[in-house]
Amino acid sequence: MESTIFIDKMLPEDWEQVREIYLEGIATGDATFQREAPSWEDWDNSHLLEYRIVARTEGKVLGWAALSPVSSRCVYAGVAEVSVYVSQISKGKGIGSLLLKSLIEKSEENGLWTLQSGIFPENVPSLKLHYKNGFREVGRRERIGKMDGVWRDTILLERRSKSVGAN
């Protein structure tokens, strides 16, 4: 019998499991420029409270997604940066899609008009996930950051809300 996977609000007590999944992503070298996971306090301060979700089954976190503000300027209040991470053992099971779709729905319900993501070109699964969920390539940010002494590019993707900011 297969366990039910459901999307749930991320709680502070989920942090250890969320952090472990984040560390798995960091270890790939293609998920983020981060070299280590932040403390709960730093992570908590940099992510929007109402946009933190986990995919869960039987109390175990399989993946997480969250939004961060792109700017503190009020004109960008409806623009947020997407983070989606799935545990290594849960990859290829549609969990990333469940998380991203849920985050998109929640963002549109709350008036956000643009979601964006900067993804390493080498992270093909993440690019495919975003394209499948309505993101489009805006451009390539060449040599945007250095990692282990090597300049890295990112692909800048965005998804514009169909219902918000159309007028």
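Modeller: On a 1 Å grid over the protein atoms alone, a cavity is a set of points where a 1.4 Å probe fits but cannot get out. This is a predicted model: local features need pLDDT of at least 70, side-chain atom pairs count only at pLDDT 80 or more, and totals for chains, interfaces and linings use all residues. Residues are numbered from 1 along each chain as its sequence is written, and side-chain values use heavy atoms, with hydrogens and water left out.

Biologist: How many cavities of 30 Å³ or more does a search of the whole structure find?

Modeller: One. The largest cavity holds about 30 Å³ of space, a volume being the space filled by probe spheres set on grid points joined across faces, edges and corners.

Biologist: Which residues line the largest cavity?

Modeller: S107, E108, L112, W113, T114, L115, R159, R160 and S161. They count as lining because each has an atom within 4 Å of a point. Elements giving two or more residues to this lining are α3 (95-109), β5 (114-119) and β7 (150-160). Helices (H or I, at least four residues) and strands (E, at least two) are DSSP runs, numbered from the N terminus.

Biologist: Why is T114 called buried?

Modeller: T114 sits in strand β5. Its relative accessibility is 4%. Buried means under 20%, so T114 counts as buried.

Biologist: What makes the link between the side chains of T114 and R160 a polar contact?

Modeller: The contact is at 3.3 Å. The rule asks for N or O atoms within 3.5 Å, one able to donate a hydrogen and the other to accept it; residues adjacent in sequence count only if both atoms are side-chain atoms. So the T114 and R160 side chains make a polar contact.

Biologist: Which residues does T114 touch, not counting those up to four places away in sequence?

Modeller: G78, V79, A80, E158, R159 and R160. Contact means heavy atoms within 4.5 Å.

How values were computed. 1 Å grid on protein atoms, 1.4 Å probe; cavity = no way out; pocket = protein on both sides within 12 Å on 5 of 7 lines; lining within 4 Å. Buried < 20%, exposed > 50% of the residue type's maximum accessible area, 1.4 Å probe, protein only.
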